Each structure stands twice: as structure tokens, then as C-alpha cells.
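Work through the exercises below with the sequence and the 3D structure open beside you. Each task is followed by a worked solution.

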Amino acid sequence: KQWYQRRVAITAGELFDKYLRGLTNGLHSAGHFLDMLKKGTACKGRLLHYFPAPPAANKSEDGLCGWHLDHGGITILTCPLYLDLEGNEIPAPSDCGLHIKHPSDGSIVKVTIPADCLVVQLGESFQYLSGGHLRATAHCVKSSKTPDITRETLACFMDWLPEETMKLPEYTRPYAEVVHTPFLPEGVPDLEGRMKGVKHYRDFYSNTFKAYHSEN
């Protein structure tokens with residue numbers, strides 16, 4: 001339910017504010033991101049059904065969902081279900097699922113979400129608005145070599161208002177660090193290029209859509 005999505009997002013906002021306020025010795029305004037998330041009206045839940053992957057997909061580490069970074073505020077992810085073609089739940093394959101690029105060394109790490117837990121993932125706009133102290137993470141979904149299985153999950157996206165100003169805080173890291181993504185996967189548009197000419201969140205959203213979906 002949308003109410004539940006917002007409750008999780010608000011809890012996350014409270015924790016991020018507390019962390020940043022301590023990290024910046026009080027320079028971060030109390031309740032800043034909490035208020036932004038409360039004002040946001042773009043709360044979207046997306047049920048994701050991954051069809052059985054063809055053998056060719058297993059040749060790529062991102063065979064089910066290509067490498068990318070979320071661009072919005074926060075993404076809430078549930079534990080995925082794996083089903084056979086009759087709709088029966090099966091154990092999660094060891095070679096399949098959500099994988100991330102570790103920001104320290106670029107290694108590919110599988111993310112396992114327990115059944116009674118949620119994962120909160122940050123978008124690039126959160127990275128920018130936090131002055132680079134909070135980071136978005138490149139991720140993909142790897143297919144399984146086991147044939148005839150599907151993957152089901154729910155992703156909930158919380159964005160800012162379109163007119164939200166994209167402004168760096170006074171405690172920001174150097175700009176080059178803010179817009180840099182370590183070990184950016186090949187083919188993923190860099191953040192710096194998409195921030196050109198951006199004043200509001202709607203501008204960044206538009207630049208990001210064009211960068212990922214350009215015919216070029």
C-alpha cells in the first residue's frame with residue numbers, strides 16, 4: 001500500500017537526516033530530507049516480473065536487468081520470489097539476483113534480501129543533494145542458469161517534487177567528487193553530464209531519461 005511505502009521512506013529520511021547532522025557537526029538542517037520526502041507526491045510501486053531468461057542471457061552479468069543507477073530519491077526493494085512455470089515457489093538460485101558494484105574496489109557483490117526485510121537504495125539525486133556524502137550504487141539483476149524459472153519482486157520509488165531545487169549543501173564535498181561514480185559500468189551515462197543546465201529536479205529527470213533512451 002502507498003501508506004506503507006511512505007512510512008518506510010519517512011523512517012529512512014529520519015535516519016539519513018540524523019546521520020548527516022552528526023557527520024557535518026550540525027551543518028545539515030534537522031528534518032531536511034524528511035520534509036522533502038513528505039512533500040513528494042511521486043510514490044510509485046512497481047511489480048517486476050522477470051520472464052525465464054534465454055540461454056544467451058547467461059553470457060552477461062546483467063542478463064535480466066542491465067547495469068544502471070536509480071536517479072530519484074529512494075527505492076524500496078522487497079525480497080524476491082522465484083517461481084517455476086506452474087507458479088510454485090522454489091528456493092532462490094545461488095547464481096541469480098540483485099548485484100551491485102562495490103564502490104571501494106569495483107567488485108561485483110550479490111545482495112541477498114531476507115524474507116522479513118526491505119532494502120532501501122539511494123538515487124543519484126539524493127547523492128547530489130547530500131553533497132556526495134550519501135551515494136547511489138550501480139546495480140543489475142543477473143539471470144540464472146536454471147531454466148524455466150521466473151523472478152518476482154516489488155520496487156517502490158519515492159521522488160522529490162518536480163520543482164525541487166537541485167542545490168548543493170554548504171557542507172558539500174568537492175564538486176568533482178559529488179558527481180563522480182567509481183567504477184561506472186560501461187554504457188551507463190555519467191552523472192556530471194546529466195547535471196549540466198539543471199536547476200530543478202524535473203530538469204535532472206528529463207536529462208536522465210534522454211541519456212538512457214537516446215537513439216544515439
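The exercises that follow concern a predicted model.

**Exercise 1. Overall dimensions**

Decide whether the radius of gyration of the chain agrees or disagrees with that of a compact globule.

Solution. 
- Step 1: The chain has 216 residues, and a compact globule with 216 residues would have a radius of gyration near 17 Å.
- Step 2: The radius of gyration of the chain is 18 Å, which agrees with the globule value.
- Step 3: For the dimensions along the principal axes, the C-alpha trace spans about 55 × 40 × 30 Å.

**Exercise 2. Secondary structure and contacts**

State how many helices and strands the chain has, and what share of the contacts between residues at least 6 apart in sequence joins residues at least 24 apart.

Solution. 
- Step 1: Counting the elements gives six helices and 10 strands.
- Step 2: Take the contacts between residues at least 6 apart in sequence; 79% of these join residues at least 24 apart.

**Exercise 3. Surface and charge**

Describe the burial of the chain, its accessible surface and the placement of its charges.

Solution. 
- Step 1: Of the 216 residues, 43% are buried.
- Step 2: The accessible surface is about 11900 Å², and carbon and sulfur atoms account for 55% of that area.

**Exercise 4. Cysteines**

Find how many disulfides the structure holds, and determine whether C96 is buried or exposed.

Solution. 
- Step 1: The number of disulfides is zero.
- Step 2: For C96, the nearest cysteine sulfur belongs to C140 and is 10 Å away; a disulfide would need the two sulfur atoms within 2.5 Å.
- Step 3: C96 has a relative accessible area of 3%, so C96 is buried, the cut-off being under 20%.
- Step 4: The cut-off also applies to C156, which counts as buried because its relative accessibility is 6%.

**Exercise 5. Positive phi angles**

Locate N25 and F183, and classify the accessibility of each.

Solution. 
- Step 1: Recall that most residues other than glycine have a negative phi.
- Step 2: N25 is not a glycine, yet its phi is positive, at about 55°. N25 sits in the loop that runs between α1 (2–23) and α2 (32–39).
- Step 3: With a relative accessible area of 74%, N25 is exposed, the cut-off being over 50%.
- Step 4: F183, also not a glycine, has a positive phi of about 55°. Its loop is the one between α4 (175–178) and α5 (191–194).
- Step 5: The relative accessible area of F183 is 41%, so F183 is partly exposed.

Definitions and conventions
Residues numbered from 1 in each chain as written. Predicted model: local features only at pLDDT ≥ 70, side-chain atom pairs only at ≥ 80, totals over all residues. Heavy atoms only, no water. Helix = DSSP H or I, 4+ residues; strand = E, 2+ residues; numbered from the N terminus. Rg over C-alpha atoms; globule rule 2.2 N^0.38 Å. Buried < 20%, exposed > 50% of the residue type's maximum accessible area, 1.4 Å probe, protein only. Contact = heavy atoms within 4.5 Å. Areas by Shrake-Rupley, 256 points an atom, 1.4 Å probe, with all protein chains shown as cover. Lys, Arg positive; Asp, Glu negative; His and termini not counted. Charge placed at Lys NZ, Arg CZ, Asp CG, Glu CD.
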